[in-house]
Structure formats: structure tokens, C-alpha cells
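Here are a few friendly notes to read alongside the picture. Take them one point at a time, and look for each residue as you go.

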Amino acid sequence: MKKPEKKCEHTIKAMCIESDGSFNCPQCGMSISPDDVNDDNYQIMDTKVVNDELAELVIACGKCGCIIKLTGFQQGFDA
Ligand SMILES: [Zn+2]
């Protein structure tokens, strides 16, 4: 198991993600697609579900180990 020495963290708003759900790692630029079942590209660390809707997805880049938080899935809601 790989253990990232340095922890970097980025937050990406879901509205900034391509319509197919893919995005690039802000750190190393690797293309990450949550729909990709091949989890060599990333690792799901945590998911936060609110009212049966995905509110936050925390993944780790499989290449550089950066933590990437995807937020803002519930665009219709005004908190
Ligand atoms: Zn990366």
C-alpha cells in the first residue's frame, strides 16, 4: 500500500467538472474519471451523502496521492 508522504489537498467544484465527470488532477494534471472502474487512476477516500444525494466526494489521485475534494453536486440547493 502506498502512503503519501506529503499531503496536498485540492477542492474542485462539481460545476467545473466536464459533463462526463472527468477532470484533471490540479497537482499532476492526470485525467481522472469517477466513472472509470479502473481505480488505478484514483482512490475513493470518502463520500458524503445528504438526502440521498451525493454531496461530497473525496478521492486521492493515484499518481501523486493528492487529496481532491469534489463538492457542489447539489447546485439546486441554497444552504
Ligand atoms: Zn495527481
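1. Lysine 13 stands opposite threonine 71 in strand 6. The two strands here, strand 1 and strand 6, run parallel and are joined by five bridges. Strands are DSSP runs (E, at least two residues), numbered from the N terminus, and two strands pair if DSSP finds at least two bridges between them.

2. A word on the source: this is a predicted model, in which local features need pLDDT of at least 70, side-chain atom pairs count only at pLDDT 80 or more, and totals for chains, interfaces and linings use all residues. Residues are numbered from 1 along each chain as its sequence is written.

3. Now the whole sheet: it is open, has four strands in the order 1-6-5-4, and its pairing is mixed. Strand 1 (9–13) and strand 4 (42–50) are at the edges with a single partner strand each, so one side of each has no neighbour in the sheet.

4. Strand 4 and strand 5 (residues 53–61) are antiparallel, with eight bridges. Valine 50 faces glutamate 53, and tyrosine 42 has cysteine 61 as its bridge partner. Two residues lie between the strands of this hairpin, where asparagine 51 takes a positive phi near 55°.

5. Strand 5 also pairs with strand 6, antiparallel over five bridges; leucine 57 and leucine 70 are bridge partners. In this hairpin, five residues separate the strands, and glycine 65 has a positive phi near 80°.

6. Which side chains of strand 6 (residues 67–71) are buried? Ile68 and Leu70, on one face, are buried (20 or more other C-beta atoms within 10 Å of the residue's own, with C-beta atoms placed from the backbone).

Technical notes:
A residue is buried if 20 or more other C-beta atoms lie within 10 Å of its own, exposed if 12 or fewer, and partly exposed in between; C-beta atoms are placed from the backbone.
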